[in-house]
Every structure is written in C-alpha cells, then in structure tokens.
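Here are some notes for someone opening this one for the first time. Have the sequence and the 3D view side by side as you read.

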Amino acid sequence: MKKEVRKKELIKIAYELFITKGYENTSVDEIIAKAGIAKGTYYYHFESKEQMLEEVVNMMIDAGVEKAKQILQSDLKIQEKLVYTILALRVTPKEQSMQDAIHEKENIILHQKINNRIIEEAVPILSEIVREAKKEGLFNLDDNIEERVRMTLILSNEMFDHGEINEKQVLVFIDTLEKIYGAKTGTLSFITKLIKED
C-alpha cells in the first residue's frame, strides 16, 4: 500500500513538472530532485521517462472518466451531456505538451495504447447518453449503440489526430455522425463549436 501511495505521489510530481516545463524539457533527475528520493527509488517504480509519461496520461484519463461519469448522472440536457463528456475525455490546453509527446513517432505504441484505453472507457459512458437521446427521440437508431459509438470514436481519432481539418471536412464529419445516429440535420451542429475550441 505504501509503495502504491509513493508511486502516485511521483506521478503527480511528474504531471506538475510536465505541465510547467513541458514533457521534453523535464528530466528524470528533476523529478527525482523534486520528490526528494534516490534514483533507485524512481527506477524501482518506473523503467523510463516514457513509462512515467504513460502513467501520467493514465492518471489524466482516470480523472476524465470520473468527470464524465458525474456528467452522465447529472440533470443536464442530452446535447450538454454529450459536449461535456467529450470535453472531459480530452486533454486540457495546459496538458498539451503531453499530448504532443504522445504523438511523436517514437511513442507510436504508447499512442495506440492510450487511444484504445480512451475508446474502451468512453464507449459505455457515451452509449448511455445515446440511449437517453434515443428515448427522447433525438436519435432514431437500432440497438447497435455500442458499435456506433465505437465507430464514432475511431472516426474522431483518425480525423483529429492528424493536424488541422478544414470546414468542409467538419461539415461532412457532422453529417456522417447524424447519419450514424439517425439524427435530423443540424442536431449535432454544436460539434462545430467544440472543434473550433480545440
């Protein structure tokens, strides 16, 4: 138990340093110095700085999932639940340096692992919201809800993982989502605002 607490403390210290200095500009020695531990203690918990990055990102995902679950239980309107859940599962602007590090070529396996984890965590939460939307008549679709949500997340990852997208692509993306969920044209137009905030 004590080891687990120590490990979580180190992850939090690394998170703070990655945010203030950037992932690339933070050395393992700085994490060790800030934590006031011996080098051996660090390497007892983490094999490398890359493993530390993975643990930090997992901590961020855990926090996002927790937030998303609270949104799911709230009295917000369906569209608001969708927006805030998506936002809860995305990195914040201050966490951007970690996102950039994950997109580096040398971190391609880590990137894939994180994408897969986000999809696995997001599917049940978003599926619940889609079910609510179906009950309210916003979406007109069959019972393959999880599959449709998974497809949406895969499509979103592909689109937004590769840099800038233009307005036409955004409109086609929204049109595709409305068709996936059997929604009337314009139902999901609020997504444009979400993308512009990115």
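The points below go from the overall fold down to single residues.

1. **The overall picture.** First off, keep in mind that this is a predicted model. The protein chain has 10 helices and 0 strands, so if you walk along the sequence the pattern simply reads α-α-α-α-α-α-α-α-α-α. The C-alpha trace spans about 60 × 35 × 25 Å along its principal axes. Of the 198 residues, 40% are buried. If you take contacts between residues at least 6 apart in sequence, 62% of them join residues at least 24 apart.

2. **Where α1 meets α4.** Have a look at helix α1 (residues 2-21) against α4: their axes are 9 Å apart and the packing angle is about 95°. Since angles of 65 to 115 degrees count that way, α1 is roughly perpendicular to α4. On the α1 side the contact involves Lys 7, Leu 10, Ile 11, Lys 12, Ala 14, Tyr 15 and Phe 18. From α4 come Lys 49, Met 52, Leu 53, Glu 55, Val 56, Met 59 and Met 60.

3. Is Lys 7 buried or exposed? Lys 7, which sits in helix α1, has a relative accessibility of 18% and counts as buried, because the cut-off is under 20%. Setting aside neighbours within four places in sequence, Lys 7 is in contact with His 45, Phe 46 and Glu 55.

4. **Aromatic pairs.** How many aromatic pairs does a search of the whole structure find? The search comes back with 4. In one of these, the rings of Tyr 42 and Phe 46 have their centres 5.4 Å apart and their planes at 45°, so the pair is tilted. Tyr 42 is buried at 0% relative accessibility, and Phe 46 is buried at 0% as well. Ring pairs also link Tyr 42, Tyr 43 and Phe 46 into a cluster.

5. **A stacked pair between loops.** For Phe 139 and Tyr 181, the ring centres are 5.1 Å apart and the planes are at 20°, so this pair is stacked. Phe 139 is in the loop between α7 (108-135) and α8 (145-160), and Tyr 181 is in the loop between α9 (167-180) and α10 (191-197), so the pair ties together parts that are 42 residues apart in sequence. Phe 139 is buried, at 5% relative accessible area, and Tyr 181 is buried too, at 7%.

6. **Lys 81, a buried lysine.** Lys 81 belongs to helix α5 (residues 78-88) and is buried, with a relative accessible area of 3%. What does its side chain reach? The Lys 81 side chain reaches the backbone oxygen of Leu 72, at 3.0 Å. Leaving out residues up to four places away in sequence, Lys 81 touches Ile 71, Leu 72, Ser 74, Leu 76, Ile 129 and Glu 132.

7. **Lys 77, an exposed one.** Lys 77 is in the loop between α4 (49-72) and α5. With a relative accessible area of 59%, Lys 77 is exposed. Lys 77 and Ala 133 are 56 residues apart in sequence, and their C-alpha atoms are 9.5 Å apart in space.

Terms used
Residues numbered from 1 in each chain as written. Predicted model: local features only at pLDDT ≥ 70, side-chain atom pairs only at ≥ 80, totals over all residues. Heavy atoms only, no water. Helix = DSSP H or I, 4+ residues; strand = E, 2+ residues; numbered from the N terminus. Buried < 20%, exposed > 50% of the residue type's maximum accessible area, 1.4 Å probe, protein only. Polar contact = N/O pair within 3.5 Å; in protein donor to acceptor, adjacent residues only side chain to side chain. Contact = heavy atoms within 4.5 Å. Phe/Tyr/Trp six-rings, centres within 6.5 Å; stacked < 30°, edge-to-face > 60°. Axes fitted to C-alpha atoms, helices over the stretch in contact; angles between N-to-C directions. Parallel < 35°, antiparallel > 145°, perpendicular 65-115°, else oblique.
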